[in-house]
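Have a go before you read on.

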Amino acid sequence: MKNLIDVNAYYVESRKAIDIAMAKDIQFRQKLDPKERLEIYTRYLKETKNPKEYQALKSLKDELEMKIKFHDTAEPVVPEDAEEKVRRNLEIEQQAAVDKTNELKTQLSDLIANFERDALPLIKAVGEMESLQVIPNQIDVILSHQLRDKQEMGIQARFNSLQLGIQERLARDTHKQLENSMSYLRSTTTPVKAKKSLLLNFLKGGK
């Protein structure tokens, strides 16, 4: 099947931001938590004999204790100085993706309309003609049938026992299945709009 688009050409910068954030999250989960680090600083402070090392460790310990006390140990995945760039890239890339999506939906809508106009009636006609293939079998039944015993299977019952061939079954079912599929296909052609994040909307003053 021919690929009409290269999905990797969309949201390039946003994908990079997501990958970096995920890598930072994995790295964060592999690091010691603040209380564990505090325990290490405390232990090293008791063990060190070097005044400069002691002062450096005490400074780190005091700073960490302050952060723990005031619940200030969290850090954003995306640094503050990069937030605006990430949002701006998303806005630009999302609009490009929306425009392409709607372009494809328009093409699909036209194809569906053409298919419903040209192909569906033809498929229906083929199905109706294929269904006539039962008539030769019915002729075989009446040619071989004898009116002998009321307890024997009648002509209608024998007709009902006839098995349709694969082609006849396909012809009978295809048109109806395609009609149902068309309604699902049409639902995929509804144009989309760029989603506005609540955070981005808030930063823009609700505009």
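**Exercise 1.** Work out how helix 1 and helix 4 are oriented to each other.

*Solution.* Step one is the angle: helix 1 and helix 4 pack at about 140°, and their axes are 8 Å apart. Axes here are lines fitted to C-alpha atoms, for helices over the stretch in contact, with angles running from 0 to 180 degrees between N-to-C directions. Helices are DSSP runs (H or I, at least four residues), numbered from the N terminus.

Step two is the hand: helix 1 and helix 4 make a left-handed crossing, meaning the near helix is turned anticlockwise from the far one by less than a right angle.

Step three is who touches whom. Helix 1 brings Val12, Glu13, Ser14 and Ala17, and helix 4 brings Val86, Asn89, Leu90 and Glu93; contact means heavy atoms within 4.5 Å. By class, that contact holds 4 nonpolar, 2 polar and 2 charged residues.

Before going further, some housekeeping: this is a predicted model, where local features need pLDDT of at least 70, side-chain atom pairs count only at pLDDT 80 or more, and totals for chains, interfaces and linings use all residues. Residues are numbered from 1 along each chain as its sequence is written, and side-chain values use heavy atoms, with hydrogens and water left out.

**Exercise 2.** Do the orientation of helix 2 and helix 3 in the same way.

*Solution.* Take the angle again: helix 2 (residues 34-47) and helix 3 (residues 51-69) pack at about 150°, with axes 9 Å apart. Helix 2 and helix 3 are therefore roughly antiparallel. Next, the hand: helix 2 passes helix 3 in a left-handed crossing. The contact includes Leu38, Tyr41 and Leu45 of helix 2, and Leu57, Leu64 and Ile68 of helix 3. Its classes are 10 nonpolar, 1 polar and 5 charged residues.

**Exercise 3.** Which residues lie closest to the centre of the second largest pocket?

*Solution.* Start with the volume, about 200 Å³. Of 13 lining residues, Lys16, Ala17, Ile20, Ala82 and Val86 are the closest to the centre. Now sort by element: helix 1 and helix 4 (80-131) are the ones that give two or more residues to this lining, and helix 1 gives the most, with 6 residues. Ala17 and Val86 also turn up in the contact of Exercise 1.

Technical notes. Angles under 35 degrees count as roughly parallel, over 145 as roughly antiparallel, 65 to 115 as roughly perpendicular and the rest as oblique. Ala, Val, Leu, Ile, Met, Phe, Trp, Tyr, Cys and Pro count as nonpolar, Asp, Glu, Lys and Arg as charged, and the others, Gly among them, as polar. On a 1 Å grid over the protein atoms alone, a cavity is a set of points where a 1.4 Å probe fits but cannot get out, and a pocket is an open set with protein on both sides within 12 Å along at least five of seven lines; lining residues have an atom within 4 Å of a point. Grid points are joined across faces, edges and corners, and a volume is the space filled by probe spheres set on the points.
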